[in-house]
Amino acid sequence: MIKILLLSDTHSHIDDGILKYVKQADEVWHAGDIGDLKVTDAIKSLKPLKAVYGNIDDTHVRMEFPENNRFMCEGVDVWITHIGGYPSAYNVRVREEIRLNPPQLFICGHSHILKVMPDRKLNLLHMNPGAVGKHGFHKKRTMLRFTIDGKKIENLEVIEFPS
């Protein structure tokens, strides 16, 4: 069983509140708009990190992280990208690949709107952790945490901070 902390849209913001949850996870996944490598450096100093770059990220971030990160976690096929859309409205950049080769867990950021929903047509789970940074229109800063145990995604929790 692996405990995952999922966050996105930090926009250069990292603080002790976020790092408290990083310390409790086995792995941290970041769905883009990192902003400054100090964010990912702080996370990597504590836990293993999987991340992608987002649309606001500069060359330094893009050199360190890919646009798409697809991997296996236990028995779950995971795909993380920043701009991915959601079931029935996937972004044109990923639409064909997701239809032809759907992962079991599709993760994106960008919208600053926390959303977890199944795609029953493609038999996958979509997650967007919202935004945990302080830049943007969101009223609450959010992250997700959950466990992956074999092929099961379980114990999903929303972590919320005031903006």
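Author: A pocket, as the term is used here, is an open set of grid points with protein on both sides within 12 Å along at least five of seven lines. The model is a predicted one, and its largest pocket holds about 210 Å³ of space. The lining of this pocket is formed by P87, S88, A89, Y90, R95, I98, R99, D119, K121 and L122. By class, five of the lining residues are nonpolar, four are charged and one is polar. Two elements, β7 (89-90) and α4 (92-100), each contribute at least two residues to the lining. The largest share belongs to α4, with three residues.

Five strands form an open sheet with mixed pairing, in the order β4-β5-β8-β10-β9. Because β4 (68-73) and β9 (114-119) are at the edges and have a single partner strand each, one side of each lacks a neighbour in the sheet. From one strand to the next, the twist averages 15°. Helix α4 packs on this sheet and touches β4, β5 (76-81), β8 and β10, with its direction at about 165° to that of β5.

Within the sheet, β8 (residues 105-107) pairs with β10 (residues 124-129) in the parallel sense, over three bridges. I107 has M127 of β10 as its bridge partner.

As for annotation, UniProt, in an unreviewed entry, places the feature "domain: Calcineurin-like phosphoesterase" at residues 3-150. That span is 22% helix and 36% strand, and its end C-alpha atoms lie 12 Å apart.

Technical notes:
Residues numbered from 1 in each chain as written. Predicted model: local features only at pLDDT ≥ 70, side-chain atom pairs only at ≥ 80, totals over all residues. Heavy atoms only, no water. 1 Å grid on protein atoms, 1.4 Å probe; cavity = no way out; pocket = protein on both sides within 12 Å on 5 of 7 lines; lining within 4 Å. Points joined across faces, edges and corners; volume = space filled by probe spheres on them. Helix = DSSP H or I, 4+ residues; strand = E, 2+ residues; numbered from the N terminus. Nonpolar A, V, L, I, M, F, W, Y, C, P; charged D, E, K, R; others polar. UniProt positions renumbered as here; feature names shortened; annotations may be inferred. Pairing = 2+ DSSP bridges. Axes fitted to C-alpha atoms, helices over the stretch in contact; angles between N-to-C directions. Contact = heavy atoms within 4.5 Å.
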